[in-house]
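Me: Please display the model, and let us then examine some of its side-chain arrangements by question and answer.

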Amino acid sequence: MTAPQALPLRVAVAGASGRMGRMLIEAIAGADDLVLAGALDVAGSPAIGQDALASLGRTSRVAITADLAAGLADAQVLIDFTRPDGTLAHLAACRALGVKAVIGTTGFSDAQKAEIAGHARHIAIVMAPNMSVGVNVVFKLLDMAARALHEGYDIEIIEAHHRHKVDAPSGTALQMGEVVAAALGRELKDCAVYAREGVTGERDPSTIGFATVRGGDIVGDHTVLFAGTGERIEITHRSSSRVTYAQGSLRAARFVATQPRGLFGMNDVLGIA
């Protein structure tokens, strides 16, 4: 007797008309084990009322809506790459409706992160500043490098993104800094340098520097430089397409669907110790 086929996971997408939202919707439409169950956008968006796959010349029978209750009514998981205030509103609705969440939004304050942790006591949430599988492997490499290069090396983090990105440094760059600082036994808030101008004096070797580039359509480049005497070690990740973020988000959605509640990261999704 053939076992019954598992039903596809029902996924909603926030920011459905944005660059990342469209990429997520396309990825869901191409997955055998997922189905698009809702598409959310801000009120007043010209996309409201349109079919979520209209931009691809296809039909999904899911209309983009600003009504959270309607957009989440049939969903098991929401994937959200929007803005902090919007994400928090979406999470409150998810909590009320029992919908799990994958959060790729960046730029949260400490108070907002605490609010997310509060929601995670009731629903399962995966939150990561970068959903790329490759980037999360880089985080592990940085931990290893920082532990080995803890003396005699100056550490600088350089990131570049498209002209439309609204927060700086990027969430990924900050997470890289957190990983390096933790490996060195430090708190990033105590050793980060985000700007240099004028006569700054000699570099403090205990600091971690950040440099930000914004321009054009750069998807996302990140380099962590360990500069010593006579050598430099650079660990770099470059994204050429948002597809990698979308595919990582789908892996996170599949993972979070199996969890009753709690706050998770991509390490949990990927099984990286």
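Me: Is Phe-210 buried or exposed?
Reply: This is a predicted model, in which local features need pLDDT of at least 70, side-chain atom pairs count only at pLDDT 80 or more, and totals for chains, interfaces and linings use all residues. Residues are numbered from 1 along each chain as its sequence is written, and side-chain values use heavy atoms, with hydrogens and water left out. Buried means under 20% relative accessible area, exposed over 50% and partly exposed in between (1.4 Å probe, protein chains only). Phe-210 has a relative accessible area of 6%, so this residue is buried.

Me: How many aromatic pairs does a search of the whole structure find?
Reply: Rings of Phe, Tyr and Trp (its six-membered ring) pair if their centres lie within 6.5 Å; planes under 30 degrees apart count as stacked, over 60 as edge-to-face and the rest as tilted. By this rule, the search of the whole structure gives a total of two.

Me: What is the angle between the planes of Tyr-194 and Phe-210?
Reply: Tyr-194 is partly exposed, at 45% relative accessibility. The two rings form a tilted pair, 5.0 Å centre to centre, and the angle between their planes is 35°.

Me: Which kind of aromatic pair do Phe-255 and Phe-264 form?
Reply: Phe-255 is buried, with a relative accessible area of 17%, and Phe-264 is buried, also at 17%. Their centres are 5.3 Å apart and their planes stand at 80°, so by the cut-off of over 60 degrees the pair is edge-to-face.
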